[in-house]
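The stops below are given in the order in which they may be selected.

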Amino acid sequence: MSTGLGVEERLRRMEDLHELQQLRAHYCQHLDSGRWDELVELFTPDGAFVGLSTARGRTGLREFFSNLQSGSLSAWWHFSSNETLEVDGDRATGQTWLLQPCVVDRQSQLAAGRYVDTMVRCEDGRWRFEERAVRFFWWSDVEQGWEPGTFVWPPARDAADRPGAGQ
């Protein structure tokens, strides 16, 4: 909370919160539109994505994200909400809920889960992901329906949200 902080500190906090929200929004937009170079710039040079696989460093991240569509997963759209942010100086943590319509093997599927984020303010003053981890509640075929723990796309099972994990 901003109790006891001066106007300048409160303004800085509000600017940080806004920049962090923009970081998360740009992540989804760059990922969904295949702007890989812009996407990996949202991470620190040694940043990591953890979930379906673990990719670390901008070269590894670019390879991982650009290769996602080379398999059975051919299209996706990320919608995020229920964001939380805790800022402590030049570090921030939080979670974002995720709803992801997608196409796997030419079939409409839907996934839901959460991102668990660690972000840092870098030397250039910009916030970047140090780590973005995804955990899925479920990933199911639209015709089949869904319930917690359902995973029709096998790679999503490796990123299953486990009770008490990442809380």
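A residue counts as exposed when its relative accessible area is over 50%, as buried when that area is under 20%, and as partly exposed in between. The model on display is a predicted one.

Select D105, which is found in the loop between strand 6 (91-104) and strand 7. Its relative accessibility is 54%, and D105 therefore counts as exposed. Now inspect the backbone: D105 is not a glycine, yet it has a positive phi of about 50 degrees. Most residues other than glycine have a negative phi. Move on to R106, which lies in the loop between strand 6 and strand 7. R106 also has a positive phi, here of about 65 degrees, although it is not a glycine. With a relative accessible area of 80%, R106 is exposed.

**Second stop: helix 1**

Select residues 7-32, which make up helix 1. The helix has 26 residues and should span 38 Å at 1.5 Å a residue; its end C-alpha atoms are 38 Å apart, which agrees. Which residues of helix 1 are buried? They are D16, L17, L20, L23, R24, Y27, C28, H30 and L31. In an α-helix there are 3.6 residues a turn, so residues three or four places apart point the same way. Just after helix 1, select G34, which takes a positive phi of about 70 degrees.

Return to Y27 and display the aromatic side chains. A pair of aromatic rings is described by the distance of the centres and the angle of the planes. Across the whole structure, a search finds 12 aromatic pairs. Y27 is buried at 1% relative accessibility, and F65 is buried with a relative accessible area of 1%.

Y27 and Y115 form an edge-to-face pair, at 5.5 Å centre to centre and 80 degrees between the planes. Y27 lies in helix 1 and Y115 in strand 7 (residues 107-121), so the pair ties together parts that are 88 residues apart in sequence. Both Y27 and Y115 are buried. To see the whole group, select Y27, F43, F49, F64, F65, Y115 and F129, which form one aromatic cluster.

Next, show R132. Its charged end sits over the ring of Y27, 4.5 Å from the ring centre. The charged end of R132 also sits over the ring of Y115, 3.8 Å from that centre.

Switch to a surface view and select W77, F79 and L99, which make a nonpolar surface patch of about 320 Å². W77 lies in the loop between strand 3 (73-76) and strand 4 (79-81). Is W77 buried or partly exposed? Its relative accessible area is 42%, so W77 is partly exposed.

Select T84, in the loop between strand 4 and strand 5 (86-88). T84 is partly exposed, with a relative accessible area of 41%. Draw a C-alpha to C-alpha distance from T84 to G94: the two are 10 residues apart in sequence and 4.9 Å apart in space.

Finish at D158, in the segment after helix 4 (154-157). At 58% relative accessibility, D158 counts as exposed. The C-alpha atoms of D158 and T54 are separated by 11 Å, and the two residues are 104 residues apart along the chain.

Notes
Residues are numbered from 1 along each chain as its sequence is written. Side-chain values use heavy atoms; hydrogens and water are left out. Patches are made of residues with over 30% relative accessible area and no salt bridge: like charges are joined within 9 Å, nonpolar side chains (Val, Leu, Ile, Met, Phe, Trp, Tyr) within 5 Å. Accessible areas come from the Shrake-Rupley method with a 1.4 Å probe; for residues, only the protein chains shown count as cover. A salt bridge is a side-chain nitrogen of Lys or Arg within 4 Å of a carboxyl oxygen of Asp or Glu. Helices (H or I, at least four residues) and strands (E, at least two) are DSSP runs, numbered from the N terminus. Buried means under 20% relative accessible area, exposed over 50%, partly exposed in between (1.4 Å probe, protein chains only). Rings of Phe, Tyr and Trp (its six-membered ring) pair if their centres lie within 6.5 Å; planes under 30 degrees apart count as stacked, over 60 as edge-to-face and the rest as tilted. A charge sits over a ring if NZ of Lys or CZ of Arg is within 6 Å of the ring centre and within 35 degrees of the ring normal. The expected span of a helix is 1.5 Å times one less than its number of residues.
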